[in-house]
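My notes follow the model below.

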Amino acid sequence: MANLRYPIGMQSFAKIREGGYLYVDKTGYIHDLVSNGTCYFLSRPRRFGKSLLISTIEEFFKGNRRLFEGLAISRQPYDWDAYPVLHIDLAGCSPDSLDRFVEYFNNFLTRWEKEYGITTDSDKSVGIRFKDIILCAHEQTGKPVVILVDEYDKPLLETVDNPELQERIRRELRMFYSNLKSLDGHIRFAMLTGVTKLGHLSIFSDLNNLQDISLSMQYNGICGITKEELHEYFDEGIRKFSKNVDKTPEEIYEKLRENYDGYHFTPKGGEDVYNPFSLLNCMSEEWFGNYWFRTGTPSFLIKMIRVEGLPLPELASYEIGLSSLSDVSFQLTDIIPVLYQSGYLTIKGYDERFDIATLGFPNKEVENGFFNQLMPLNSGNR
């Protein structure tokens, strides 16, 4: 590859593939997902590739085989039939009222209603309208639908300081997501992603067919970049990088490891993962900057730090029950699980006997950014 093109911030699989940008092949994971289950949930930090993963799954289920030529999934047996895909991106949903929340959802619902010839009835709840769309899409196409929800938790995180509004939105979302269970026979595949796993039983009601793969060893590397992938896809770029800054490739690899590696999303085995956003920026600029922190701290975390404070002495080696990492309350009253799910802390060790995980900073970028940018927010009440 004479001129490497790094897809910094790109979330469209089609744009990356058609534009000749570097793509780290994650399609083997997708084949495993679609072959072994139906309904999944995945929590990962911001800027970690969740939206690109959802975009890749969307193109796969639309049957756009040409985009997957040469990738792992193209070598697997599959009919490449096209399915109706309902893709909802809630990243831009920052409601200040229930009407604003419904208005945001209307952008998706009315488009699908028009596509499938359904008369829009704004008096119906978003959950009922979504149900009608699923049934109609299956009936008209003869194919069960694919449902993809990116950043499912955004409207709830944006209303943490407004419990009344958050509760009203929660009720709407609960009815919306209940379709994933009640209409299971009409759904080929479903996946929800987010930063946090908020009150699992409260949001998803009795959705016991939702498989949470956030702590799964099998899917530890589904987002981010592993050491093996770093060497496979970035070796040429690292040699160029090392030459331009008068360092050896080994020195560049070590600096990348110190600054951007160290994320670990499973307690049992599995290798560490590099932050893809920081890694791509570093390779493009050939400079070891704090790229992830430049994108800003989530507003909900800023509110928590100012109210709850930080247990500073313990952060470098914090012990916590493993179950606490995978379920956070709506009120966000315990900051440690939120820091883990947001990517500021990661799993460093695990005591299977007591089911205790040890957390710590994943790398220098996060540790330095934490103390330089988040520390000033600390209320000092701990």
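**Entry 1: helix 10 and helix 11.** I began with a list of contacts. In helix 10, I find Leu 230, His 231, Asp 235, Ile 238, Arg 239, Phe 241 and Ser 242 meeting helix 11. On the helix 11 side, the partners are Pro 249, Ile 252, Tyr 253 and Leu 256. I sorted this contact by class: 7 nonpolar, 2 polar and 2 charged residues. I note that the model is predicted.

Next I looked up the geometry. Two packed helices are described by the angle between their axes and the distance between the axes. Helix 10 spans residues 227-244 and helix 11 spans residues 249-260. Their axes come within 9 Å and cross at roughly 120°. The two helices are therefore oblique to each other. I logged their crossing as right-handed.

**Entry 2: helix 5 and helix 7.** I turned to a second pair. How do the axes of helix 5 and helix 7 cross, and within what distance do they come? For helix 5 (residues 126-141) and helix 7 (residues 163-177), I read a crossing of roughly 20°, with the axes coming within 7 Å. That angle makes helix 5 roughly parallel to helix 7, because angles under 35 degrees count as such. Helix 5 passes helix 7 in a right-handed crossing.

I then checked who touches whom. Val 126, Gly 127 and Phe 130 come from helix 5. They meet Glu 172, Met 175 and Phe 176 of helix 7. By class, I get 4 nonpolar, 1 polar and 1 charged residues in this contact.

**Entry 3: the largest pocket.** What volume does the largest pocket have? I wrote down about 890 Å³. The pocket is lined by 41 residues, and the closest to its centre are Gln 11, Arg 46, Arg 47, Phe 48 and Gly 49.

Which helix gives the most to this lining? It is helix 3, with 5 residues. Helix 3 (50-61), helix 6 (154-157), helix 12 (276-285) and helix 14 (299-308) each supply at least two residues. I classed the pocket lining as 21 nonpolar, 11 polar and 9 charged residues.

**Entry 4: the cavity.** Searching the whole structure, I find 1 cavity of 30 Å³ or more. The largest cavity holds about 100 Å³ of space. Its lining includes Ser 43, Arg 44, Pro 45, Lys 197 and Asp 212. Also among the lining residues are Phe 265, Leu 325, Tyr 340 and Gln 341. By class, I count 5 nonpolar, 4 polar and 3 charged residues around the largest cavity.

Definitions and conventions. Residues numbered from 1 in each chain as written. Predicted model: local features only at pLDDT ≥ 70, side-chain atom pairs only at ≥ 80, totals over all residues. Heavy atoms only, no water. Axes fitted to C-alpha atoms, helices over the stretch in contact; angles between N-to-C directions. Helix = DSSP H or I, 4+ residues; strand = E, 2+ residues; numbered from the N terminus. Parallel < 35°, antiparallel > 145°, perpendicular 65-115°, else oblique. Left-handed = near helix turned anticlockwise from the far one by under 90°. Contact = heavy atoms within 4.5 Å. Nonpolar A, V, L, I, M, F, W, Y, C, P; charged D, E, K, R; others polar. 1 Å grid on protein atoms, 1.4 Å probe; cavity = no way out; pocket = protein on both sides within 12 Å on 5 of 7 lines; lining within 4 Å. Points joined across faces, edges and corners; volume = space filled by probe spheres on them.
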